[in-house]
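Hello,

Here is the structure we talked about. Please open it and keep it beside this email while you read.

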Amino acid sequence: MRRFSVPALLLIMSAALVGMAYQEYIDLYIQSVMMFICINIILSSSFNIVNGFMGEFACGHAAFMAVGAYVSSVLNVMLFTNDKVFGPPVLSPDLALYFFPLVLLAGFVAAALAGLLVAIPSFKTRGDYLAIITIAANFIVTSTIINIDTVGGSRGFMGMKKIIYAMEDVVELPWMLIWVIVSTILSVWLIRRFVFSTYGKGIIALHQDEVAAEIMSVNTNKMKVIAFMLSSGLAGVAGALFGHILGYINPGSFGILKSTECLVMVYLGGMGSLSGSVLSAILFTLLLEGLRFVIPWVDGGLHFIHLLPDAYHLSQVWKWVIIPLILILLMQFRPEGIMGNRELSDVFPRLKRWYSFK
Amino acid sequence: MLESIFQNLINALQWGSFYSLIALGYTMVYGVLVLINFAHGDIFMVGAYIAFFIATFLIGHFTLPGGAVLALSIPLTMVLTAGVGVTLERIAYRPLRRKGAHRLYVVITALMCGLVLENGNLALLGASRKSFPELVDKVVYTVGSVSMTNLKIAVVISAISVFLILQFIVTRTKIGMAMRAISYDKFAVPLMGIPIDTVIVFTFVLGSSFAGLAGLLFALSYPILDPFMGAIIGWKAFIAAVVGGIGDIRGAFLGGFLLGFVEILVVAFFPSTYRDLIAFTILMIILCVRPTGLFGVAKTTKI
């Protein structure tokens, strides 16, 4: 019973979500918010492998997202659509549905290989020097994409909407929502299985003390490569999904600001807490979307009581003032993040009666 | 050919001076607190805006010659920007330090402070770009076909003098000795009767006021201000500081000039879109070969 409670709950929830989207009970806006929540969950939990469990300070997660997004989008557009640059489709567009997981996998592999760019320098450096290498890697990846003209350079790349239409032509279902939910569940499961396995404990050992871990026969370099590649590969999957949801990507959307968002989600949830990063991703996305509605209300209210001059209106920019302020305050009162380094079942021990998540 | 190289070298000196001035602030704070003060680039931006408001206020309310306005706005900008930096330290960093929070959480707080400064500025002042008033007449000196303006020379000279001042303070004065002591052992220093908070505030005063100076000089050289001008230049200056060996003043100074030279030379020989790509690749290779930077000393870990 306990073994099946979480999978059953997830299955019911995602089936309900897909069903509601299919019957059009929830509109496209709510669907896209759901999908962004899922993508942020992948991003923050995969970033948590490196920044939380392994205790490094990497800050270039968006670079790998960009690699995954570009590789999978270009592959999909090249294979299944009639594009100006890449010519007629190689395969029949009907196959797009069946090839989509493979394309996501290609995004994973490409981003994981890009992860080597950071993983190999990390053998020798730690701490702030590694932080710099990751920032530099982020700049390098985005400016490489800007300089490749076949994928649009700084103008961006589009055409992924056609893939979604092609998939919906085969079977009429909200396919993007399904893929996003499936890959979120799979990647959180993968991280959980990996980090809490005996083998994956090597990463946590690296966090505690690198020298001691090496003495206890942890192959530190190999663990680092695995951690970086897994983390960046999953970021690539998130990027691939991101690109297909929006239908348009450009290098500017994978800059330092996106990496900052990932950092915020990890440290908001707590270093080394998987349920913390899932929770913080949900909270962060909801906050971001919720403020979109709250700001006009506040603006109207302040104008109503004549606190603001008539010419000045609160704009959506205030969102990015309020969110950092909330975070600064949170850091003052709870510097270890929402969950610290504990999991949900450590915070509420009685939950263990109901589920065992393996 | 030779002349264009000289011209590029002079441009690189100017561009490197800005990086150096900001990198010095990063490295001061890092050397004392082991804190990457990610808000520093935005303090530079705030400095430029403060300089803008002071200069327009002085021009609008008093009939002063440009030189006098400049002479008044340099110290005022430095003082006010230092105030901003100290306020950040007082409100955001010090409580966390008192609680003994993990170092990375302080870094995240710094990152958030930077975002607040950037977007707060954008939200309050609007997206319209401000153009800085022209305070000094541009004088162009030409040697052969290499031309330089008095502004460029002033920028380079002020970067060098700031470096010399900081080097003097850190190595020759008592408060500099206290700074080095804090970076050496943060727990033993209060036991020796050194007021640790005063020293840290002084560090922030130094770093932020020179960031304000850099902002003013930047606004004089490139008179268009926008709220995000500090973000990219700040990140790059930080990378420069690390390449020089973070925590070391000579390292930050040389790292800033190195980054300036690499960027200008890349632009001279390649299309300008390759600037970031090649510059950062070179810096990454340097860091892979010398993981602690040019002047950094590897810390020995005890087992």
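Two strands pair if DSSP finds at least two bridges between them. Strands (E, at least two residues) and helices (H or I, at least four) are DSSP runs, numbered from the N terminus.

This is a predicted model, where local features need pLDDT of at least 70, side-chain atom pairs count only at pLDDT 80 or more, and totals for chains, interfaces and linings use all residues. Residues are numbered from 1 along each chain as its sequence is written, with chains lettered from A and ligands numbered from 1 in the order in which they are written.

Start with the hairpin. It is formed by S2(B) and S3(B), with two residues between them. S2 covers residues 140–143 of chain B and S3 covers 146–149. They pair in the antiparallel sense over four bridges. B:Tyr141 stands opposite B:Met148 in S3(B). In the turn, B:Gly144 has a positive phi of about 65°.

Next, the chain contacts. Residues are in contact if their C-beta atoms, placed from the backbone, lie within 7 Å. On that basis, 34 residues of chain A touch 37 residues of chain B. H5(A) gives the most to chain A's side, with twelve residues.

Most residues other than glycine have a negative phi. A:Glu24 is not a glycine, yet its phi is positive, about 60°. It sits in the loop between H1 (2–22) and H2 (28–53) of chain A. B:Val34 also has a positive phi, near 50°. Its place is the loop between H1 (2–33) and H2 (40–61) of chain B.

Best wishes

Key:
Contact = placed C-beta atoms within 7 Å.
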